[in-house]
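Please look through the sequence and the structure shown below before reading the report that follows. The report takes one chain on its own, then the contact between two chains, and then some local details.

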Amino acid sequence: MTGTLIRTVRKRTAAVPTTDGARLHATVEGAEDAPVTVVLAHGWTLSQAAWDDVAGLLADRVADGALRLVRYDQRGHGRSTWSSPTHPESGLSIDRLGADLAGVLDQLVPTGPVVLGGHSMGGMTIMCLSATRPELFGDRVRGVALVSTSAGDLASDPRSAGGRMARIRPGVLTAALTGAGLLERLRGLVPPTHPRHRTVVRDLLYGADATDEMVLEGARIMHASSLRAFIEFLPALGDHDKRTQLDALTRVPVEIFVGDSDKLTPERHSAHLAEALPAARLHRVERTGHMLPQERPELVVDGVLRLVAGATGRDVA
Amino acid sequence: MTSTTRTHATPSPGAGAAAPREVRVAVIGSGFAGLAMGITLRQRGETDFVLLERAEDVGGTWRDNTYPGAACDVQSHLYSYSFAPNPDWPRSYSEQPEIQAYLQATADRYGVRAHCVFGAEVTAARWDDDARRWQVWTTAGEFRAQVLVSAAGALADPTYPDIPGLDTFEGTVMHSARWDSSHDVSGRKVAVIGTGASAVQIVPAIQPQVESIAVYQRTPAWVIPRTDHPVKPWARRLYRLVPGLQRALRGVLYASREFLVIGLAKRRAFLKPVGRLARAHLHRQVRDPRLRAALTPDYTIGCKRILISNDWFPAVSAPNAELVTAGIAEIRPRSIVTRDGVERPTDTLVLATGFHVTDLPIAERIRGRDARALAEVWAGGMVSNRSTTVAGFPNLFLLVGPNVGVGHTSMVYMIESQVAYVDDALRTMAAEGLAVLETTPRAQEAYRELIARKSQGTVWLGGGCASWYLDEHGHNTTLWPDFTFRFRKLTRALDRENYVGIPAGAPVREQGEAA
Ligand SMILES: Cc1cc2nc3c(=O)[nH]c(=O)nc-3n(C[C@H](O)[C@H](O)[C@H](O)COP(=O)(O)OP(=O)(O)OC[C@H]3O[C@@H](n4cnc5c(N)ncnc54)[C@H](O)[C@@H]3O)c2cc1C
């Protein structure tokens, strides 16, 4: 009955419930008995689709059974919901995202070695996990890729776009949230295909080598995320500070990637991470912006595969 | 509410051993159409008739479609018999249990349940030219009838997809119209094949309970909002006190839906606002651009049935849902494999794959004067006179046969039109003392041309889609392609000039010229 197909990749969709009533949309690809699982956490106002290029390059390894790939949408992003109304989102923090990641691991990867990859806010998510669940690192988590991210102090950089945004006053945000419906409609007037829209996105997030297709794709992913995700997480990003709580990450191989044109989390954030994690490998990538997983997926994949090899003790690349 | 009266044919010791039961009229089926026919027969004083029903209850569609979320897509005030208004509809679009209860209650109230022979599947029917009667074989014995009315339904026989490995699947498989309520879907890995009218009701109903749900889509459908709401108790009281009010409401609903025909069948431009409505609905409910694209049809709205739902899009974009557009390559014992090589673990398979519509199974079982089956006569496409009679099949009337289908309004309106036509035919036969009434090939040809002409320029032919409305030759043989009041006008009275009648007592050989 097995027809002409040479090989197949198992794929399933899972809704991971969180302790406060949110449901996280996760995609699990590859054999359940694969020797290692790679779990990828995306950034602010993106979704798991931001990892598509990386996932595409990993597809062969996944199909071969060398690794299993888990991607998920952070709460309030993509298909994942917010917490239930009976659990008011009191002071949403990046720590909450760390707990979400712990939930994803507990439910989808209860056993076996894990390699974590986090882009931007996804990287911060991993740092939060390492601070609250240090016991996982070394034993379960065998490697971490931190891409275009920061351990904290985003607001102090007066000239960076991230710094400017982090200093938007809370009152402004509350007002924006109240008018979110209207703002959403206004946002609809400048769709990602609009040249102006793309120019803004390119200037803020991409390096010199990014193609128009890349920018459009990224703009589409961001356009799909809600204004609420933008507004609710903005203060949380400003408050994120794990600079003194990175101990658990010293126990595992870490690969750090940053683009030299990153305006949201400029190089110095990654340099600081590399200082705090002396064993980590820091990759400074030229002519590359904040959307490094999309701009240089092959570099990220190389890093991930090095971590995978380390995690399983064999070379899968 | 359900009376226990049941007329089973006298059990026969061996097949065909018992003498056939003689009736004046035999009706196949006891859905909306069969019951309407039975009620009309009783009202004209006819008691010598049976409703042959293969199942164990009346209701047809509404007995069989018990899947979670099953409800009608036309407001209940309109999707009900004109002669039996129900002031107690609980919602504007009632759900299956209420509609089924309504049909059961109506069957009882009009005394037709006593005429039902349940467990009587018609396996064959043949016109006996010498006896001038229909011979009908059923799983509950043999019947002989002067007149045969087929009300076997156009959406009554499920189609199963032809997918390699379907028979090897080890989990639970159910067709939407054969739902197994003993199978609890909660916590299951469910696959739904099909994204038609049934799927858009099932998926939102079960998505919150299941572990995961993969919806396999071949063609997306246009979906517009559903303005469903509970009917307030005071409104129900009012309908009871002022029956005219409900009738007026029915009229308003009927008229407003009939406006759609202008767009569907006359001026395509009139569909534009409907298309915009559907597009806005999709945009409002689905943010993800890729999902949105996958859910956007590439054909003109109306070409396939327009679906109504407020929770279909949210359900397919739920955290545990996935819309799969890669075609299915094969089914394995515990998974489904798509052509892109992705294998999704599955333990429950829901086939929302529709019905035999252009190849009605009953047509294979009914044989006319020259012993040819209706299906053979229809091999080149279903033909009829006024959707109801077929040359070569004397004293046979088809309800919900060719070209009576409507997607924009209530089928009951069409059914009642046809029943009135059959009623007038029976009245004519009685008045003229006719034993046999048969339409002519010429009338059939004229009707075929009429339908073809009306179908020209409709969205069903020109909308750029392949729908179940069209037969394998691309002809519209299922839909009524005009305002429904035009069909009613056409079937108000028997078009006597299009029929050949043979008086009772006339020598048997004479009918030769009718052939
Ligand atoms: C899920 C669903 C939703 C629908 N919603 C709407 C709606 O909102 N509005 C609308 O206008 N229409 C709707 N329809 C169409 C619906 O089918 C018709 O409105 C109407 O119910 C048809 O009635 P019927 O009596 O012609 O056929 P059916 O209700 O199908 O009845 C046919 C009967 O004949 C019996 N039968 C078949 N073959 C044999 C045989 N060989 N021997 C003995 N008995 C036999 C069957 O068991 C059945 O009881 C819907 C259909 C489905 C499937």
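## Chain A on its own

Among contacts in chain A between residues at least 6 apart in sequence, what percentage join residues at least 24 apart? In this structure, which is a predicted model, the share is 77% of the contacts in chain A between residues at least 6 apart in sequence.

Chain A has 317 residues, and buried residues make up 57% of them. Its secondary structure consists of 12 helices and 8 strands.

## Where chain B meets chain A

The contact between the two chains draws 29 residues from chain B and 29 residues from chain A. Together the chains bury about 2,200 Å², and 48% of this area lies on carbon and sulfur atoms. On the chain B side, Arg287(B), Arg290(B) and Pro319(B) supply 29% of the area that chain B buries against chain A, which is more than any other three residues supply.

## The elements of chain B in the contact

The elements that give two or more residues to the side of chain B that touches chain A are helix H8 (289–294), strand E12 (321–324), strand E13 (328–332), strand E14 (335–338) and strand E15 (342–345) of chain B. The largest share comes from E15(B), with 4 residues. When the residues on this side of chain B are divided by type, there are 11 nonpolar, 8 polar and 10 charged.

E15(B) also pairs across the two chains, as 2 bridges join it to strand E1 (residues 9–17) of chain A, and the two strands run parallel. Within this pairing, Arg10(A) has Glu343(B) in E15(B) as its bridge partner.

Strand E5 (residues 133–138) of chain B is mostly covered, with 5 of its 6 residues buried. On one hand, E5(B) pairs with strand E4 (residues 122–128) of chain B in the antiparallel sense over 6 bridges, and here Trp127(B) has Trp134(B) in E5(B) as its bridge partner. The hairpin of E4(B) and E5(B) has 4 residues between the strands, and Arg132(B) in this hairpin takes a positive phi near 55 degrees.

On the other hand, E5(B) pairs with strand E6 (residues 141–150) of chain B, again in the antiparallel sense, over 5 bridges. E5(B) and E6(B) form a hairpin with 2 residues between them, and Trp137(B) stands opposite Glu142(B) in E6(B).

Is Asn498(B), a residue of chain B, buried or exposed? Asn498(B) counts as buried because its relative accessible area is 17%, which is under the 20% limit used for buried residues. Its place is in the loop between helix H15 (484–490) and strand E20 (499–503) of chain B.

Leaving aside neighbours within four places in sequence, Asn498(B) is in contact with Asn385(B), Arg386(B), Glu438(B), Thr439(B), Thr440(B) and Ala443(B). Asn385(B) lies 113 residues away along the chain, yet the C-alpha atoms of Asn498(B) and Asn385(B) are separated by 8.4 Å.

How values were computed
Residues numbered from 1 in each chain as written. Chains lettered and ligands numbered in written order. Predicted model: local features only at pLDDT ≥ 70, side-chain atom pairs only at ≥ 80, totals over all residues. Heavy atoms only, no water. Contact = heavy atoms within 4.5 Å. Buried area = accessible area lost by both parts, 1.4 Å probe. Nonpolar A, V, L, I, M, F, W, Y, C, P; charged D, E, K, R; others polar. Pairing = 2+ DSSP bridges. Buried < 20%, exposed > 50% of the residue type's maximum accessible area, 1.4 Å probe, protein only.
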